[in-house]
Amino acid sequence: MSFLFIYSMPELPEVQTIVSELNRKLKNRTIKSVVVNAPKMISLGPHTVSNIRKADANKTKIFQQLLVGHRITSVKRRAKLLIFDFTPTSPRLRRTSGPLAMLVHLKMTGQFIFEDKKLRAETKGKYRMLNKLNAPFVELPGKHTHVIFYFTDGSILYFNDVRKFGYLKIVRDDEIALVKELNEYGPEPLDKKFTLSCFNAAASKQLNGKIKQVLMDNKVVVGIGNIYSDEILFHAKVQPTRVVSSLSDKELGAIYKWIKPVLIKGIKAKGSSVGDFVRTDGTWGQMGKFHFVYGRKGQKCKKCGTIIESVKLGGRTGSFCPTCQK
């Protein structure tokens with residue numbers, strides 16, 4: 001049996017769902033051991049992780065040794081990057097490594113599944129990794145499980161990634177300021193500091209850019225990708241192909257106005273389960289039920305009945321209603 005999927009990278013609501021669940025489940029758990037099945041997916045230090053990666057046995061050994069005996073103090077998010085904070089649990093570790101952070105980017109198909117004895121009894125260790133009702137159940141660890149964290153209380157955290165684009169990078173706390181991607185990120189859309197003037201100023205630097213692509217630029221605002229840019233623009237009544245210079249102040253204001261409500265709705269629905277996004281217990285997010293245009297090409301608009309159309313923009317597909325959006 002085979003399945004065809006158009007993969008969609010997890011966006012802010014999906015990553016926030018994972019972060020919130022992992023923060024609740026992992027806080028104060030101590031790592032007993034770490035298994036790395038795909039060495040090229042792990043990294044050390046604040047440098048940028050290259051798309052061209054090679055396995056390194058010594059690096060893998062250090063990665064494993066650094067984490068053993070560390071307790072997770074929190075899991076948080078910056079843009080689409082997950083940040084695990086650790087603290088050493090012994091004087092020896094405090095002397096040799098000190099506080100650490102693990103930065104994780106899920107990229108297209110990264111998944112975290114946290115399993116304790118209760119969940120394993122319910123699932124028998126088997127989960128649907130793809131969002132199709134007829135997708136097969138996979139027992140973990142499976143062939144796409146690349147890193148496994150075993151905790152002292154017997155619970156387990158699996159990191160799965162079909163395409164192996166994701167990465168897990170350990171940095172010391174004093175190296176966080178040197179992480180390039182963190183320094184290049186723009187404002188968080190749910191932060192109070194993200195104002196209309198802030199959005200307009202960032203957008204004005206890309207006057208010739210298509211508005212959908214501008215919304216997806218992490219230097220303008222972080223966390224918005226293909227799914228939520230479509231939904232934001234639908235509610236703002238603006239077509240994705242419009243260039244920024246053609247937008248009136250009213251239209252820019254409408255786009256800004258809908259960014260937060262759309263993302264918050266996505267978070268409340270626990271994300272959009274598209275392709276292979278799953279929550280940390282293997283269940284699916286429900287935001288897909290509320291999509292107005294994303295993934296609905298050829299279907300009727302929920303507001304006016306016009307057939308939803310799509311357009312290619314820089315290798316991505318934008319979906320829109322030609323009647324509701326101008």
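User: Is Asp 85 buried or exposed, and what is its relative accessible area?
Analyst: The model is predicted, with local features needing pLDDT of at least 70, side-chain atom pairs counting only at pLDDT 80 or more, and totals for chains, interfaces and linings using all residues. Residues are numbered from 1 along each chain as its sequence is written, and side-chain values use heavy atoms, with hydrogens and water left out. Buried means under 20% relative accessible area, exposed over 50%, and partly exposed in between, with a 1.4 Å probe and protein chains only. Asp 85 therefore counts as buried, its relative accessible area being 14%.

User: In which strand is Asp 85 found?
Analyst: Strands are DSSP runs of E with at least two residues, helices are runs of H or I with at least four residues, and both are numbered from the N terminus. Asp 85 is found in the strand covering residues 81–88, namely β4.

User: Which residues does Asp 85 contact, leaving aside its neighbours within four places in sequence?
Analyst: Contact means heavy atoms within 4.5 Å. With neighbours within four places in sequence left aside, the partners of Asp 85 are Arg 71, Ile 72, Thr 73, Ser 74, Lys 76, Leu 100 and Ala 101.

User: Why are the buried residues of α2 on the same side of the helix, and what arc do they cover?
Analyst: Helix α2 spans residues 57–67, and its buried residues are Lys 59, Thr 60, Phe 63 and Leu 67. The arc is that of the directions from the helix axis to the C-beta atoms. These residues lie on the same side of α2 because the arc they cover around the axis is only 100 degrees.

User: Which exposed residues does the face of α2 turned away from its buried side carry?
Analyst: The buried side of α2 includes Phe 63. On the face turned away from that side, the exposed residues are Ala 57 and Asn 58.

User: What is the relative accessibility of Phe 290?
Analyst: Phe 290 is in the loop between α9 (249–268) and β12 (309–313). Phe 290 counts as partly exposed because its relative accessibility is 37%.

User: How many Å apart in space are Phe 290 and Lys 265, C-alpha to C-alpha?
Analyst: Lys 265 is one of the residues that Phe 290 touches, not counting residues up to four places away in sequence. The two are 25 residues apart in sequence, and their C-alpha to C-alpha separation in space is 9.1 Å.

User: What percentage of the 326 residues of the chain count as buried?
Analyst: The chain contains nine helices and 13 strands. Of its 326 residues, the buried share is 53%.
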